[in-house]
Amino acid sequence: MPGGSALLGETQKMVLGTNWKLPVENVCGDGYHLGWAHAGAMSAVQSMDLTGLNVGNSGVDLDGGLSVAGMNGHMVLSALDGVSGYAFYPDPKPILEYLEANRQTVIDRLGEVRGKQVWGAQVNITIFPNLQLLPGLNWFRVYHPKGPGQIEQWTWAMAENDMLEAVKTQILENQCLTVGLAGLFDNDDGDNLAACTEQSRGWRTAQMDVYTNMALGRSGKREGFPGDIAAGLVSEHNQRYFYRRWQEHMMAETWAEVPTYNINSLTAQEAEHA
Ligand SMILES: [Fe+2]
C-alpha cells in the first residue's frame, strides 16, 4: 500500500543452538516441512487453504505458487491466491476485509499479477544472507551468527501503515502466537534446527552430501517476474540457490571475485510494476 509498512512492538530476541544457514534455508524455500514439522500448530491455527498444504502434506497444488531465485542469493517463495498470507490466523476476517477494500489500489500501483495474486498471499522473502520477512504472517527477522552452532534471532511484527489499529493489534498477537519467543511454529523449528546442527557434527553424517535435488531441472522464466523460477512452494530450488550463493562467497578471495547475476531481470517497462 502507498503508506508503506512499519515494525510493531518490541524486538523479540532468542538464542538458538543452530548454524545460521539452517533457519534461512528453512524459510527461503522449504514449504515441504509445514505439514510435518508444524502439524500441531497448523491444527490449532489454520483457517484457510495454502496451496493445498495441510497436516501430513497429503496434497499440494504446484500451480498455486512460485519459488523465485537466481538474484544474487535473494529469494521469494510466493503463493498466488492473494489471501493465504493469513491462512494461519484463526480469525482472518478483519484482514480479509482490509485486503478486499484496498485490492484495487494495489492493482493500480503494482499491476494485476502483484495486486491480485501476490499481495495478501503467503510470501516468504529472503534478502541474502540473513534477513527474512513474511508479509501475511507479518514478521521481519534478522539472524545474527554467534559462532558455528549458535545464532541470536531478532524478530519483529510488521504491518502496513494503512491498516486499522485493531488489525495491527491482531497482527502483533498472531505473530506472537505463531513465531517468536513463544510461537507455536518457532518452537517446532527451533528444536529441529538445533537437532539438524547437532547431528551434522557426527562422523557418519560428515561423510555424506546434502541432498537437495527436489525439482532439479524444472525451472525457468515466468512472464512478468525476474529470476529463475520453479513451480510451487514445495521444491528445493531456492535452497540450491542459497547454498550456491554462500559457496560463491566462501570461494572468493576478494569481494571483486563474488559473481553478480540477476537471472531474467525485468525490462524497464516491466519494472515499473515490480
Ligand atoms: Fe517452519
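Predicted model: local features only at pLDDT ≥ 70, side-chain atom pairs only at ≥ 80, totals over all residues.
**Getting to know the fold**

Residues are numbered from 1 along each chain as its sequence is written.

Biologist: What share of the 274 residues is buried?

Modeller: Let's say what counts: buried means 20 or more other C-beta atoms within 10 Å of a residue's own, exposed means 12 or fewer, and partly exposed is in between, with C-beta atoms placed from the backbone. By that count, the buried share of the protein is 39%.

Biologist: How many residues of helix H1 are buried?

Modeller: H1 covers residues 21-29 and is largely enclosed by the rest of the structure. Among its buried residues are Leu22, Val24 and Cys28. The count for H1 is eight of the nine.

Biologist: And which residue in S3 stands opposite leucine 66?

Modeller: Strand S2 (residues 65-71) runs antiparallel to S3, joined by five bridges (DSSP must find at least two for strands to pair). S2 and S3 form a hairpin with two residues between them. Opposite leucine 66 is serine 78.

Biologist: Which residue in S4 stands opposite leucine 77?

Modeller: S3 (residues 74-79) has six of its six residues buried, and Leu77 points the other way from Ser78. S3 also pairs with strand S4 (residues 123-127), antiparallel, over four bridges. Leucine 77 stands opposite asparagine 124.
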